[in-house]
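Thanks for coming. I have one structure to go through today, and I will keep it short. Please have a look at it first.

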Amino acid sequence: MRAQFVLSEIGVGLRRNLTMTFAVIVSVALSLALFGGSLLMSDQVSTMKGYWYDKVNVSIFLCNKSDAQSDVNCAKGAVTEDQKKQILSDLHKMPIVEKVAYESQDQAYKHYKEQFGNSPLASSLTPDQMQESYRIKLKDPQKYQVIATAFNGRDGVQSVQDQKGILDNLFQLLNLMNRAALGVMALMLLVALLLIVNTVRVSAFSRRRETGIMRLVGASGFYIQAPFIMEAAVAGLIGGGLACLFLVVGRYFTIDHGMALSTKLTLINFVGWDAVLTKLPLILATSVLMPSLAAFFALRKYLKV
């Protein structure tokens, strides 16, 4: 009988404050969708870091004849065979080096033509203007500075470049976008909490006669509060369900189908469905707990039970 009464009161409360309940559902759905999206963005950045940092190389570019005339680092002339052998020998002795690959001028010219063949500059370049280089795979990409310190300024070395630095700029941009999404999410959560508190208080005020009678006949505080808390929880759960739907549909249409980014951007290792599915229980739990707690504390002060 008591359970039936609580359930009937929940339905009455939701119908009486239909507009505000709808606003709560929408705000909870949007805020939790942003919350889930932020978690997925964080996973995406971590996945990309693991994927790309494992592939980055440190490149030691060697001086050619053209550099000897224009670059102060190559003032002593083009690299000699003895200098190349010494650089290679020193690289193999370093414990942080996993693998070393040599790229000749002809190979560098071929790779340049493959990547920038449509550039106006490509037609004026010749293989002898390209730089020989050593492409170094490190066991730990974070230790690039060890290579830079050891070989920068050495005779025959034009420069030492770390591809990780280029990727760091990309990841900083992605992290900035993620923080912006978290900021919007926090604002939406605050709006949702305020709407929940106001909805619960309006509902309690409209039923103050019933709650007053319940207090007079000795109903417990929890029994009086339960319908209001359940109303907030149901509204929140509906919003959480919509947030989960937004995430699933968004992942489906942006990565797998529709925009199909997974086929258009093959160089990016996108997060899988497992990452999405693991976020859904957290979103649903938050959608129930957040409104319930907000309603509980609002009622304690308002009803004084």
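The link of C63 and C74 is left-handed, with -80 degrees about the S-S bond. The two sulfur atoms sit 2.0 Å apart in this disulfide, and this is a predicted model. Which parts of the chain does the pair link? C63 lies in the loop between strand 1 (58–62) and helix 3 (65–70), and C74 lies in the loop between helix 3 and helix 4 (81–93). The two cysteines are eleven residues apart, and the pair counts as linking distant parts of the chain. C63 and C74 are both buried. The structure holds one disulfide.

Another cysteine to mention is C244. Is C244 buried or exposed? The relative accessible area of C244 is 8%, so C244 is buried, the cut-off being under 20%.

Now the surface. There is a nonpolar patch made of F22, V26, L30, I238, L242, L245, F246, V249, Y252, F253, W273 and L277. Together these residues have about 1,100 Å² of accessible area.

Which helices supply at least two residues each to the patch? They are helix 2 (18–53), helix 9 (221–256) and helix 11 (273–303). Helix 9 gives the largest share, with seven residues.

One of the patch residues is I238, which is found in helix 9. Why does I238 count as partly exposed? Its relative accessibility is 43%, and partly exposed covers the range between the 20% limit for buried and the 50% limit for exposed.

Note on methods:
Residues numbered from 1 in each chain as written. Predicted model: local features only at pLDDT ≥ 70, side-chain atom pairs only at ≥ 80, totals over all residues. Heavy atoms only, no water. Patch = residues over 30% accessible without salt bridge, like charges linked within 9 Å, V, L, I, M, F, W, Y side chains within 5 Å. Areas by Shrake-Rupley, 256 points an atom, 1.4 Å probe, with all protein chains shown as cover. Salt bridge = Lys/Arg side-chain N within 4 Å of Asp/Glu carboxyl O. Helix = DSSP H or I, 4+ residues; strand = E, 2+ residues; numbered from the N terminus. Buried < 20%, exposed > 50% of the residue type's maximum accessible area, 1.4 Å probe, protein only. Disulfide = S-S within 2.5 Å.
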